[in-house]
Amino acid sequence: MDEKIWPSDGGVVMEGAASHGHRWSATGQFLHWSCAALILFMLGLGLAMVEWVEDQGQRFDLYQLHKSLGALVFLLMALRAAWRLLARAPVLPESMPRHERVLSKAVHVALYGLIFAMLVTGYVMISASPLPLPIQLPGGGHVPNLVAPDFELSEQMKALHHRLAFVLIGLVLLHVAAAFKHWLWDRDGVLQSMLPGRG
């Protein structure tokens, strides 16, 4: 079981949510990698159904899958954001320059903001669509539409959703490049802090 840790700034950390000194807890690792896998799949699925899939029936099915997975991503990201507010991050290596620490925090905040912005714009887009099919959930449930049908609003949200997707792809690539830098160049254990194992 994860030990209870109290951050130096006085904030409360829930038992089971804390990191182990230089390594994220199993909870943090699970939320990180499950969200990462789903978001990467969603980005690929989005590109495929918009740019490559020509069959209208298949494209419709992919859109419905994309919408349903979006609801799952929102749930996991909400859990991760709440957990992150309570969990203490692992101690960064002393060799890490201050500007890299600032940039790392900025990129992480931007990633959270972009992901939630994409989820909201996607939700508004499908709600305002002239064919407002609700988001289907397992077991026959669905997510109610947020707004009434509005073609102009739907098109605006679609354009914004697509632009945000490309910005998110760029940030993800930057995040991955930084992880490989820490692993191959700095060799400071930052990447290993999010990998399973003992540390």
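Entry 1. I began at Trp 183, which sits in helix H4 (residues 151-186). Helices here are DSSP runs of H or I with at least four residues, strands are E runs of at least two, and both are numbered from the N terminus. I am reading a predicted model, where local features need pLDDT of at least 70 and side-chain atom pairs count only at pLDDT 80 or more, while totals for chains, interfaces and linings use all residues. Residues are numbered from 1 along each chain as its sequence is written, and side-chain values use heavy atoms, with hydrogens and water left out.

Entry 2. I looked up how exposed Trp 183 is: its relative accessibility is 39%, so the residue counts as partly exposed. The scale is simple: buried is under 20% relative accessible area, exposed is over 50%, and partly exposed is in between (1.4 Å probe, protein chains only). Trp 183 also belongs to a nonpolar surface patch with Val 176, Phe 180 and Leu 184, and together they have about 370 Å² of accessible area. A patch takes residues with over 30% relative accessible area and no salt bridge, joining nonpolar side chains (Val, Leu, Ile, Met, Phe, Trp, Tyr) within 5 Å and like charges within 9 Å. A salt bridge would be a side-chain nitrogen of Lys or Arg within 4 Å of a carboxyl oxygen of Asp or Glu. Areas come from the Shrake-Rupley method with a 1.4 Å probe, and for residues only the protein chains shown count as cover.

Entry 3. The buried residues of H4 are Ser 154, Met 157, His 161, Leu 164, Ala 165, Leu 168, Leu 171, Val 172 and His 182. I noted that their cover includes H1, H2 and H3. A reminder for myself: an α-helix has 3.6 residues a turn, so residues three or four places apart point the same way.

Entry 4. I stepped back to the whole protein chain, which has 4 helices and 2 strands. From the N terminus on, the order of elements is α-α-α-β-β-α. Of its 199 residues, 35% count as buried. The chain exposes about 12,300 Å², and carbon and sulfur atoms supply 68% of that area. Among contacts (heavy atoms within 4.5 Å) between residues at least 6 apart in sequence, 64% join residues at least 24 apart.

Entry 5. Next I turned to Ser 68, in helix H2 (residues 56-86). Ser 68 is partly exposed, at 23% relative accessibility. Which residues does Ser 68 touch, not counting those up to four places away in sequence? I found Ile 135 and Gln 136. Ser 68 and Ile 135 are 67 residues apart in sequence, yet their C-alpha atoms are 5.7 Å apart in space.

Entry 6. I searched for aromatic pairs and found 3 in the whole structure. In Trp 24 and Trp 83, the ring centres are 5.7 Å apart and the planes are at 50°, so this pair is tilted. Trp 24 lies in the segment before helix H1 (26-52) and Trp 83 in helix H2, 59 residues apart, so to speak a link between distant parts of the chain. Both are buried: Trp 24 at 14% relative accessibility, and Trp 83 at 11%. Phe 74 and Phe 116 form an edge-to-face pair, 6.0 Å centre to centre with 85° between the planes. This pair also links distant parts of the chain, with Phe 74 in helix H2 and Phe 116 in helix H3 (residues 98-128), 42 residues apart. Phe 74 is partly exposed at 43%, and Phe 116 is partly exposed at 24%. For the rule, rings of Phe, Tyr and Trp (its six-membered ring) pair if their centres lie within 6.5 Å; planes under 30 degrees apart are stacked, over 60 edge-to-face, and the rest tilted.
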